[in-house]
Amino acid sequence: MELVQNNKSFEGEQRIYRFDSKVLKTPTKFGIFLPSQALNGQSCPALFYLAGLTCTEETFAIKAHAQRLAAQLGIILITPDTSPRGDGVAEGGHWDIGQGAGFYINATQQPWAEHFQMESFIVDELYAVVTQEFPIQADKIGIFGHSMGGHGALTLALKYPQKFKSVSAFAPICAPSQCPWGEKAFSNYLGEDKSTWLQHDATALVQAKGAVFSDILIDQGAADQFYSQLNPALFKQACDAAGQKLTLREHQGYDHGYYFIQSFIDDHLQFHAVHLQP
């Protein structure tokens with residue numbers, strides 16, 4: 001790994017690394033916040049944060065204001081990029097497909113399948129890299145995300161509960177098989193067989209798997225300009241039917257952006273700190 005940026009933050013360090021990904025078949029970057037406890041060699045719990053459309057490995061680190069409380073709680077924060085990137089990586093010609101819009105799935109269709117293997121990258125390659133290279137407690141790893149990344153956090157947590165012990169999301173795409181963003185991404189990346197889409201749809205996964213976590217936290221802005229794409233009510237219905245506890249909070253006046261995330265980031269870090277305890 002190549003360290004490309006390192007900034008002191010709340011007695012810890014906010015870093016960005018680059019490495020050649022065998023899964024994505026291209027160089028990629030990820031951010032990591034290491035609290036002082038980790039810098040001193042203490043094993044710490046960790047959270048993967050998956051960002052939304054158009055974002056990068058830097059977005060959360062710069063905009064969410066999470067380092068202060070993460071430093072106090074002794075939590076490592078890991079922030080991958082949202083897609084493979086580079087000259088040889090397919091572009092979609094629009095902001096909601098292609099580079100910057102990987103949707104945290106493994107593409108099966110061309111021209112995407114060569115590089116767009118974000119599910120395997122997160123849960124296999126990057127997971128292995130960070131747990132080997134940094135003092136992370138392997139049994140205390142959670143995942144959360146925003147929008148497209150909220151979709152990724154929910155689906156990967158539900159599919160890999162042996163790796164992720166807690167999950168939360170900000171304004172996630174809860175039923176991508178039933179909204180324009182998801183329909184566009186899934187038809188491009190996975191093809192027209194909609195039965196394969198359900199493997200990457202949080203609402204369908206809850207219906208199939210039943211209760212997996214002791215609780216799931218979702219925060220949603222009531223003034224979200226993309227509310228019609230997100231379908232939190234469908235996810236709640238599925239959780240209620242499956243017996244999966246869901247704490248779904250709607251906040252009046254809040255939109256889809258990072259001011260919303262800043263306002264409730266502490267609640268999410270505290271939520272994970274509690275649920276990652278033995």
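1. Starting with overall shape: for 278 residues, a compact globule would have a radius of gyration near 19 Å, and the protein chain comes in at 17 Å, which agrees. That radius is taken over C-alpha atoms, and the globule rule is 2.2 Å times the number of residues to the power 0.38. Along the principal axes, the C-alpha atoms fill a box of roughly 50 × 40 × 35 Å.

2. A word on ground rules. This is a predicted model, where local features need pLDDT of at least 70 and side-chain atom pairs count only at pLDDT 80 or more, while totals for chains, interfaces and linings use all residues. Residues are numbered from 1 along each chain as its sequence is written, and side-chain values use heavy atoms, with hydrogens and water left out.

3. The secondary structure comes to eleven helices and nine strands; these are DSSP runs (helices H or I, at least four residues; strands E, at least two), numbered from the N terminus. Buried residues make up 60% of the 278, where buried means under 20% relative accessible area, exposed over 50%, and partly exposed in between (1.4 Å probe, protein chains only). Of the contacts (heavy atoms within 4.5 Å) with a separation of 6 or more, 72% are between residues 24 or more positions apart. The chain exposes about 10900 Å², with carbon and sulfur atoms supplying 47% of that; the areas come from the Shrake-Rupley method with a 1.4 Å probe, and for residues only the protein chains shown count as cover.

4. On to the inside. The largest nonpolar core has 90 residues, and those with the most contacts inside it are Phe48, Ile78, Phe103, Ile122, Phe164, Tyr189 and Phe235. Helix α4 (residues 118-133) gives the most to this core, with eight residues. A core here is a set of buried Ala, Val, Leu, Ile, Met, Phe, Trp, Tyr and Cys residues joined through side-chain atoms within 4.5 Å.

5. The loop between β5 (76-80) and α4 deserves a look, as Pro111 is found there and a cis peptide bond joins Gln110 to Pro111, with omega about 5 degrees. Phe103 is in the loop between β5 and α4 too, and has a positive phi of about 60 degrees although it is not a glycine. Tyr104, also in that loop, has a positive phi of about 60 degrees and is not a glycine either. Phe103 counts as buried at 0% relative accessibility, and Tyr104 does at 1%.

6. What does Tyr189 touch, leaving aside its neighbours within four places in sequence? Its contacts include Phe103, Ile105, Gln109, Trp112 and Phe116. Ile97, Gly98 and Ala101 are also among them.

7. Helix α10 (residues 232-242) has Pro232, Phe235, Ala238 and Cys239 buried. Seen down the axis of α10, the buried residues fall within an arc of 125 degrees, so they line one face of the helix; the arc is that of the directions from the helix axis to the C-beta atoms. Exposed Gln237 and Ala241 sit on the face turned away from the buried side of α10. The buried residues of α10 pack against α5, α8 (202-209), β8 (216-221), α9 (227-230) and β9 (246-251). Gly243 follows α10 and has a positive phi, near 80 degrees.

8. Helix α8 has Ala202, Thr203, Ala204, Leu205 and Val206 buried, and these pack against α5 and α10. Asp201 caps the N-terminal end of α8, with a side-chain oxygen 3.0 Å from the backbone nitrogen of Thr203. Just after α8, Gly210 takes a positive phi of about 75 degrees.

9. Ser147 lies in the loop between β6 (136-146) and α5 (148-159). Is Ser147 buried or exposed? Ser147 is buried, with a relative accessible area of 3%. Leaving aside neighbours within four places in sequence, its contacts include Gly52, Phe170, Trp181 and His256. Cys174 is 27 residues away from Ser147 in sequence and 8.8 Å away in space, C-alpha to C-alpha.

10. Last, Thr26, in strand β3 (residues 26-34), counts as buried at 10% relative accessibility. A polar atom of the Thr26 side chain lies 2.9 Å from the backbone oxygen of Arg85. Beyond its neighbours within four places in sequence, Thr26 is in contact with Phe19, Asp20, Ser21, Pro84, Arg85, Val89 and His115.

Technical notes
A polar contact is a pair of N or O atoms within 3.5 Å; within protein, one must be able to donate a hydrogen and the other to accept it, and residues adjacent in sequence count only if both atoms are side-chain atoms.
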